[in-house]
Amino acid sequence: MDIAVKSRRFTGSEGVQEMSKDLGYTILLDIYAPLLTGKQRDTLDLYYNDDLSLGEIAENTGVTRQAVMNCIQSAEQRLDELERLMGIAAKNRRIEELLDEIDGMALTGENSPGIYGGGYMISGITQEIRDLL
């Protein structure tokens, strides 16, 4: 995913450990949550959507911070694997880009007769959207 944010420092039994929050996982979680285990889904929801720390999640669920971190890492790996196999988030991103392009053409009049061959540009873009679906 593209959106990475260094978030917090977590102090564990091994000392200070830094974990990076990749906010792109919130999108993957929205798409693929039903394909995760209940534990993975709940933990990622607390971590990304409720913005709880590892310690807060550990306290709420009765496990160690290390167990929470391991659960988050395995769930993120699963989300990456699902996206690699299905590519739904990438397709959604591309559709949004194409729709933005159409909006831009409409605002600037690029699809007017005589400019860029009339309706052929929008026709090509809408065909690409159909192919993605």
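Buried means under 20% relative accessible area, exposed means over 50%, and partly exposed lies in between, with a 1.4 Å probe and protein chains only. The model on screen is predicted, so local features need pLDDT of at least 70 and side-chain atom pairs count only at pLDDT 80 or more, while totals for chains, interfaces and linings use all residues. Residues are numbered from 1 along each chain as its sequence is written, and side-chain values use heavy atoms, with hydrogens and water left out.

**Stop 1: helix H4**

Select residues 65-86, which make up helix H4. Helices here are DSSP runs of H or I with at least four residues, numbered from the N terminus. H4 has 22 residues and reaches 31 Å from its first C-alpha to its last, close to the expected 32 Å; that expected span is 1.5 Å times one less than the number of residues.

Now colour the buried residues of H4: Val68, Met69, Cys71, Ile72, Ala75, Glu76, Leu79, Leu82 and Glu83. Look down the axis of H4: these buried residues fall within an arc of 160°, so they line one face of the helix. The arc is taken from the directions from the helix axis to the C-beta atoms. Turn to the other side of H4 to find Gln77, Arg84 and Leu85 exposed. Then step past the end of H4 to Gly87, which follows the helix and has a positive phi, near 65°.

**Stop 2: a pair within H4**

Side chains of opposite charge can pair when their charged atoms come close. A salt bridge is a side-chain nitrogen of Lys or Arg within 4 Å of a carboxyl oxygen of Asp or Glu. A search of the whole structure finds three of these.

Select Arg78 and Glu81, a salt bridge whose closest N and O atoms are 3.4 Å apart. Both residues lie in H4, three residues apart, about one turn of the helix. Arg78 is partly exposed at 29% relative accessibility, and Glu81 is partly exposed at 33%.

**Stop 3: Arg94 and its partners**

Arg94 lies in H5 and Glu128 in H6 (residues 120-132), so the pair ties together parts that are 34 residues apart in sequence. Arg94 and Glu97 both lie in H5 (residues 88-108), three residues apart.

Arg94 counts as partly exposed at 28%, as do Glu97 at 43% and Glu128 at 31%. Shared partners join Arg94, Glu97 and Glu128 into one salt-bridge network.

Conventions: Helix = DSSP H or I, 4+ residues; strand = E, 2+ residues; numbered from the N terminus.
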